[in-house]
Amino acid sequence: MSNKKLLVLLLSVAFYVMYASSYSEKIDTLKEQILYLNMKIQKEESIKANRKKILSEIDKVLKVAEKNEKLLYSPDQNNSEIQGSIQMFLKKTASDSMATFINAAWNEPLEDEKAGYVSLPITASIKGTPDAMAFFLKNLYKSEKLLNIKTLDIGKIRPIFVYYSITVAGYKPLKKEKKHGEK
Amino acid sequence: MEKSPFKEGDVIFYQEGKNLFIWFTKYPLTEKNKVYIPEAYLIVKNAKENNSIILIEKEKSFSILVVKKGNLVSQITYRKKPTDIDNRIVLLAKEYSLKDYRVIKNPSYPLKWDLRDIIKFSNFEFSRENVLQWLLSNMAIPLSVFFIGLSAYKILDYRYLKMKKSSLENYLIQLKQENRDIKKKIRIAQEKKEFWENFIKKELKYPPAYPVLAIISNIIYKNDGFIESINYSKEMTTAIVGLPKKRKNIIQEFLNTGFFRDVKIVSVTRDRLSKDYEILNMEFYMKEIQDIKRKKENEQ
């Protein structure tokens with residue numbers, strides 16, 4: 001009788017040690033995976049629950065971005081085309097401000113791949129009275145596109161005429177390469 | 001057992017001091033009960049009498065218990081109640097030298113017992129073999145059941161968790177599909193936001209030229225000065241200006257505008273055209289736009 005009981009005990013212990021205990025590790029792994037899944041589900045559920053709110057926030061961001069994007073040149077425009085139009089604008093602004101546009105040099109475009117845009121600088125020399133030059137500076141801000149004054153050297157204000165050497169830059173976003181499978 | 005009046009009976013005993021108490025039973029005791037406590041022992045214990053003779057009459061037996069100084073000294077059991085019971089009581093009292101004893105008939109005390117009584121009538125023998133034998137006979141099956149149960153629990157738990165994981169995965173796929181469009185929009189919005197934050201941080205970090213030059217020229221002219229030249233760049237603007245020799249602390253005036261992190265006079269030379277003026281080479285270090293905004297917000 002005792003031998004039978006002992007045999008049953010040995011078999012049950014052997015079954016547990018050799019087979020069932022290996023499930024402990026599998027169970028732990030499954031529990032960790034379930035925990036991770038639950039975290040992901042929680043995140044997705046939160047997005048689903050706040051859908052309206054998120055869409056309204058996205059809308060706000062996109063509107064601001066759209067407004068800002070109008071300040072940049074189109075990524076489809078050629079660099080020379082853009083620098084040419086900046087030069088034309090500077091010339092016209094100088095003329096409108098009763099100043100004289102002397103010359104302009106196109107600087108090398110600076111491409112910032114990480115930031116995703118190209119800076120297109122131009123250095124221009126302008127001559128005029130101090131008042132005309134002040135108007136010129138003010139009128140620069142009337143540009144439809146963002147023209148950022150990088151450097152400005154003003155020489156000799158004591159005589160009637162003032163010389164400006166001004167470097168302004170326009171910007172265009174880099175064309176996005178479509179990722180594989182992206183529509 | 002040799003002295004037992006019964007052929008197939010058993011024996012119950014316990015020792016107290018020099019006295020050994022033995023009860024012979026008519027039939028063998030079963031293994032079902034581990035401890036047998038004689039009724040007479042419990043009656044005497046519960047009676048709490050000093051010297052007494054207790055008579056217990058039952059349907060098929062009649063017992064006489066002799067108690068001396070609180071201890072049971074004799075128990076005689078008959079099949080029927082003897083006819084000369086009074087004589088027997090007197091003889092027993094003489095035999096055991098009982099003085100001032102009481103005769104109690106059929107006491108109905110509640111037969112209370114405690115752990116000490118169980119220990120008194122137990123006959124435990126501890127040996128390795130006995131313990132192992134006891135363990136084998138008593139623990140093998142419960143342990144087997146425990147290990148089988150534990151194994152079954154682990155296997156079932158694993159299957160349940162696997163099913164749960166699978167259902168969670170399906171639910172997550174469903175949620176992801178439902179959120180696909182909004183996540184695409186979130187990604188686009190995030191990209192645009194990051195683009196503009198980056199752009200502003202790099203290109204529009206410092207105040208634009210016009211207000212900076214306006215501030216510098218206003219302060220210079222206000223102090224009866226003039227500007228020879230100005231070189232503006234984002235972080236630092238340099239200027240060569242002419243100012244009267246007798247002047248206020250102009251640097252503090254620049255700093256009070258909140259636009260400049262620092263203002264330095266690099267050199268001062270005599271103005272060749274006017275003895276009352278000096279030519280100053282100045283450097284203006286700009287504050288970042290966000291610092292200027294923050295300061296203004298704090299002031300408001």
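This is a predicted model: local features need pLDDT of at least 70, side-chain atom pairs count only at pLDDT 80 or more; totals for chains, interfaces and linings use all residues.
Which residue in strand 10 of chain B is the bridge partner of Phe260(B)?

**View 1. Strand 10 of chain B pairs with strand 8 and with strand 9 of chain B.**
Strand 9 (residues 260–270) of chain B runs antiparallel to strand 10 of chain B, and nine bridges join the two; in one of these pairings, the partner of Phe260(B) is Met286(B). The chain passes from strand 9 of chain B to strand 10 of chain B through a hairpin of six residues. Strand 10, which covers residues 277–286 of chain B, also pairs in the antiparallel sense with strand 8 (residues 236–244) of chain B, again over nine bridges, and here Leu243(B) stands opposite Glu278(B). As background to this view, strands of a sheet pair through backbone hydrogen bonds, and they may do so either parallel or antiparallel.

**View 2. Four strands of chain B form an open sheet with mixed pairing.**
Read across the sheet, the order of the strands is 5-4-3-6. Strand 5 (71–78) and strand 6 (102–105) of chain B each have a single partner strand because they stand at the edges, so one side of each is left without a neighbour in the sheet. From one strand to the next, the twist averages 15°. Strand 3 (residues 52–57) and strand 4 (residues 62–68) of chain B run antiparallel and are joined by six bridges, and among the paired residues are Leu55(B) and its bridge partner in strand 4, Ile64(B).

Just after the helix, Lys48(B) takes a positive phi of about 55°.

**View 3. Chain B meets chain A in a contact to which both chains give residues.**
The contact takes 50 residues from chain B and 51 residues from chain A. On the side of chain B, the elements that give two or more residues are helix 4 (128–203), helix 5 (209–222) and strand 7 (226–233), and the largest share, 38 residues, comes from helix 4 of chain B. The residues on this side of chain B divide into 27 nonpolar, eight polar and 15 charged. Strand 7 of chain B also pairs with strand 4 (residues 148–155) of chain A, in the antiparallel sense and over five bridges, where Ile154(A) has Ile230(B) as its bridge partner.

**View 4. The largest nonpolar core has 49 residues.**
Inside this core, the residues with the most contacts are Ile86(A), Leu90(A), Ile126(A) and Val168(A). When neighbours within four places in sequence are left aside, the residues in contact with Val168(A) include Ile86(A), Leu90(A), Pro121(A), Ile122(A) and Leu147(A). Another core, of 11 residues, lies apart from the largest one, and among its members are Val44(B), Val66(B), Val67(B) and Leu72(B).

Methods:
Residues are numbered from 1 along each chain as its sequence is written. Chains are lettered from A and ligands numbered from 1 in the order in which they are written. Two strands pair if DSSP finds at least two bridges between them. Axes are lines fitted to C-alpha atoms, for helices over the stretch in contact, and angles run from 0 to 180 degrees between N-to-C directions. Two residues are in contact if their C-beta atoms, placed from the backbone, lie within 7 Å. Ala, Val, Leu, Ile, Met, Phe, Trp, Tyr, Cys and Pro count as nonpolar, Asp, Glu, Lys and Arg as charged, and the others, Gly among them, as polar. A nonpolar core is a set of buried Ala, Val, Leu, Ile, Met, Phe, Trp, Tyr and Cys residues joined through C-beta atoms within 7 Å. A residue is buried if 20 or more other C-beta atoms lie within 10 Å of its own, exposed if 12 or fewer, and partly exposed in between; C-beta atoms are placed from the backbone.
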